[in-house]
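Please have the coordinates open while you go through this note.

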Amino acid sequence: MTSRRILPSAFLATLTIAALAGCGGGSMDHSDHSGHSAGSSASPTGAADVVTDPTCPAVVSLESVPERVVTMDAGAAAFLIELGLGDTVVGTAAPDFKTDFSGDIRAQLDAVPVLDHGQGSAEAVIASDPDLVTGISQYEFGGFDGTASVDQLESAGSAALSACGAVQDVPVDNIDETYRYISALSDAFDVTERGEELIDRIRTQVSDATAASRDADVPVLSLSSVPDAGAGINTNGGSSLANGIITLAGGTNIARDQLQDFASLSAEAVTEANPAVIVVVSGFADSSDEDLKAAIMASPLLAETDAVKNENVVVVPQRILLSPSLLNADAVQIIADAVANAS
């Protein structure tokens with residue numbers, strides 16, 4: 001599975017950005033490319049300071065609000081557009097995460113120059129002379145072949161800001177990493193009030209989406225491929241953003257106790273947990289969403305689950321389930337409807 005220049009002084013006094021849990025996991029290198037130590041940033045939920053992961057690119061201090069921004073993906077560009085900052089985006093390093101948008105924001109995303117149709121090469125990003133480079137995953141900064149590391153960007157005079165998950169020893173039960181990213185972006189551009197308004201809007205969308213399901217406590221299994229008993233059943237663990245979205249939707253991720261982004265369950269464990277909802281995570285398989293869903297429902301390893309028996313299987317794009325997105329509330333809505341159907 002699968003972001004820097006001048007910030008207001010009040011923001012710099014409190015912010016050290018950290019790693020994105022939702023796009024991590026697996027065998028990715030977790031070394032600290034930025035050379036910065038972990039810190040904490042104010043929680044938008046009003047809770048105590050959130051300790052963040054030291055592997056996430058920190059914001060390098062700048063002298064003024066950024067005027068030239070390169071996003072490492074179109075999802076990050078969407079946040080900036082929604083905050084009224086679209087005119088600062090001089091390019092996106094790659095077109096990833098644009099597929100799920102429509103209407104005016106899709107038109108604005110389509111108008112953003114694409115610097116690289118791969119993962120976003122360091123040369124293309126640096127050549128755009130950005131004040132700030134930002135993205136929804138810390139792995140977009142040297143974690144993919146050819147992408148610029150934080151050190152490379154800093155040497156070129158660019159700052160980096162990535163969405164960041166919290167370091168914690170309990171399962172994620174929210175989408176606070178999305179809210180933290182919005183707060184970080186809006187503070188960086190000195191439009192804090194816009195950020196607060198956007199967070200409130202998404203919170204309201206989530207609340208409306210879960211009105212009928214939030215207290216349901218229905219077992220849920222997420223799958224991005226057809227399960228293979230011999231290799232274990234791969235799913236999303238308790239540290240993933242997907243776990244937070246499932247929890248908000250009133251579900252209980254049957255792999256929530258595995259505190260990692262990606263987890264593996266035995267066929268016996270899945271049978272015992274008996275998920276009433278299966279979430280098909282699209283965007284990884286070569287097959288169409290419909291074919292992937294049909295293949296998962298046809299798996300003999302899942303035949304006895306309530307989800308398959310009742311055909312309570314839904315498709316959610318990985319772009320809005322596993323990563324901070326303006327559309328995270330849409331993912332909550334899809335799963336909440338399935339949870340309510342199972343209740």
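1. Start at Ile 245. Beyond its neighbours within four places in sequence, Ile 245 is in contact (heavy atoms within 4.5 Å) with Ile 175, Ile 320, Leu 321, Asn 328, Ala 331, Val 332 and Ile 335. A second, separate core, of 16 residues, includes Leu 221, Ala 267, Val 270 and Leu 292. The largest nonpolar core has 61 residues. Ile 245 is among those with the most contacts inside that core, as are Tyr 181, Phe 189, Ile 202, Val 279, Leu 321 and Ile 335. A nonpolar core here is a set of buried Ala, Val, Leu, Ile, Met, Phe, Trp, Tyr and Cys residues joined through side-chain atoms within 4.5 Å. Buried means under 20% relative accessible area, exposed over 50%, and partly exposed in between, with a 1.4 Å probe and protein chains only.

2. A word on the basis. This is a predicted model, in which local features need pLDDT of at least 70 and side-chain atom pairs count only at pLDDT 80 or more, while totals for chains, interfaces and linings use all residues. Residues are numbered from 1 along each chain as its sequence is written, and side-chain values use heavy atoms, with hydrogens and water left out.

3. Now helix α8, residues 241-248. Helices (H or I, at least four residues) and strands (E, at least two) are DSSP runs, numbered from the N terminus. Six of the eight residues of α8 are buried, so the rest of the structure largely encloses this helix. The buried ones are Leu 241, Ala 242, Asn 243, Gly 244, Ile 245 and Ile 246. Their cover includes α6, β7 (218-223), β8 (233-236), β9 (251-253), α12 (318-321) and α13 (328-342). Just after α8, Gly 250 takes a positive phi of about 95°.

4. Next, the sheet. Four strands form an open sheet in the order β4-β3-β5-β6, with parallel pairing. Two strands pair if DSSP finds at least two bridges between them. β4 (89-92) and β6 (159-162) stand at the edges with a single partner strand each, so one side of each has no neighbour in the sheet. From one strand to the next, the twist averages 20°.

5. Which bridges hold β5? Three join β3 (residues 69-71) to β5 (residues 132-135). Val 69 has Leu 132 as its bridge partner in β5. Four bridges join β5 to β6. There, the bridge partner of Thr 134 is Leu 161.

6. Two helices to check against the sheet. Helix α2 (residues 74-82) packs on the sheet and touches β3, β4 and β5. Its direction makes about 135° with that of β3. Helix α6 (residues 176-188) also packs on the sheet, touching β5 and β6, and its direction makes about 150° with that of β6. Axes are lines fitted to C-alpha atoms, for helices over the stretch in contact, and angles run from 0 to 180 degrees between N-to-C directions.

7. On β6, look at the side chains. In a regular strand, side chains alternate between the two faces of the sheet. Ala 159 and Leu 161 point one way from β6, and Ala 160 and Ser 162 the other way. All are buried. β5, helix α5 (residues 150-155) and β6 make a right-handed β-α-β unit. Right-handed means that, with the strands pointing away from the viewer, the path from the first strand over the helix to the second runs clockwise.

8. The structure holds five salt bridges, each defined as a side-chain nitrogen of Lys or Arg within 4 Å of a carboxyl oxygen of Asp or Glu. In one of them, Glu 82 pairs with Arg 201, the closest N and O atoms being 2.4 Å apart. Glu 82 lies in α2 and Arg 201 in α7 (residues 192-209), so the pair ties together parts that are 119 residues apart in sequence. Glu 82 is partly exposed at 33%. Arg 201 is partly exposed at 39%.

9. Finally, Asp 110. Asp 110 forms a salt bridge with Lys 98, with the closest N and O atoms 3.1 Å apart. Lys 98 is buried at 17% relative accessible area, whereas Asp 110 is partly exposed at 42%. Asp 110 also forms a salt bridge with Arg 106, at 3.0 Å between the closest N and O atoms. Through shared partners, Lys 98, Arg 106 and Asp 110 join into one network.
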